[in-house]
Amino acid sequence: TSNTHQELLRVCWFPSTSVGPKSAVAFHVLEKYHLLLFESKVSSYEFYDALVQRTNNTGLTPPKWQHLKMLKCSGGGHDPEGIDATKQGECTILCPACPHPGKNFPPDWEKVQQFTFTGTQHGQGAPVDSAAA
């Protein structure tokens, strides 16, 4: 464990425990805590809570937060049955640049032998019949 402690201290990280440390704190974070302790009498719990809020103020774990953002983007929050009624695949957002027959692709696209996509200002391609071009 002395090698572990030495390695952590060399990179300016203070080990959390004296035996078999599994986590560490950067020196600059400890320096900020030291300054706040003397200047504003902040407790260690308040400092820790401030760090938690600075890094993740939602109180949610990242997968839950990503799920809520996905539901918001797909309009799932407006479902009268609630978000639990969302079925698999309902949050999928179609790529506007990809060809979708009947939407941004001509209905007779199968009859044309080859398509060439020309970029537009927004990067969305428009199919062009290469035989007619």
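This is a predicted model: local features need pLDDT of at least 70, side-chain atom pairs count only at pLDDT 80 or more; totals for chains, interfaces and linings use all residues.
**Exercise 1. Walk along the chain and list its elements.**

Solution. From the N terminus on, the order is α-β-β-α-α-α-β-β. Residues are numbered from 1 along each chain as its sequence is written, and side-chain values use heavy atoms, with hydrogens and water left out.

**Exercise 2. Work out how much of the chain is buried.**

Solution. Take buried as under 20% relative accessible area, exposed as over 50%, and partly exposed as in between (1.4 Å probe, protein chains only). With that cut-off, 11% of the 133 residues are buried.

**Exercise 3. Find His5 and say what it touches.**

Solution. Start with the place: His5 sits in helix α1 (residues 2-10). Next, check the cover: His5 has a relative accessible area of 17%, so it counts as buried. Now look for contacts, meaning heavy atoms within 4.5 Å. Skip the neighbours within four places in sequence, and His5 is in contact with Pro15, Thr17, Ser18, Val19 and Pro21.

**Exercise 4. Track down the aromatic pairing and describe it.**

Solution. Rings of Phe, Tyr and Trp (its six-membered ring) pair if their centres lie within 6.5 Å; planes under 30 degrees apart are stacked, over 60 edge-to-face, and the rest tilted. That rule gives one aromatic pair. The partners are Tyr33 and Phe47, at 5.2 Å centre to centre with 50° between the planes, which makes the pair tilted. Tyr33 belongs to helix α2 (residues 27-40) and Phe47 to helix α3 (residues 44-55), so the pair links distant parts of the chain, 14 residues apart. Phe47 is buried too, because its relative accessible area is 13%.

**Exercise 5. Describe the lining of the largest pocket.**

Solution. On a 1 Å grid over the protein atoms alone, a pocket is an open set of points where a 1.4 Å probe fits, with protein on both sides within 12 Å along at least five of seven lines; lining residues have an atom within 4 Å of a point. The residues that line the largest pocket are Val25, Val29, Leu30, Tyr33, Ser44, Phe47, Tyr48 and Leu51.

Conventions
Helices (H or I, at least four residues) and strands (E, at least two) are DSSP runs, numbered from the N terminus.
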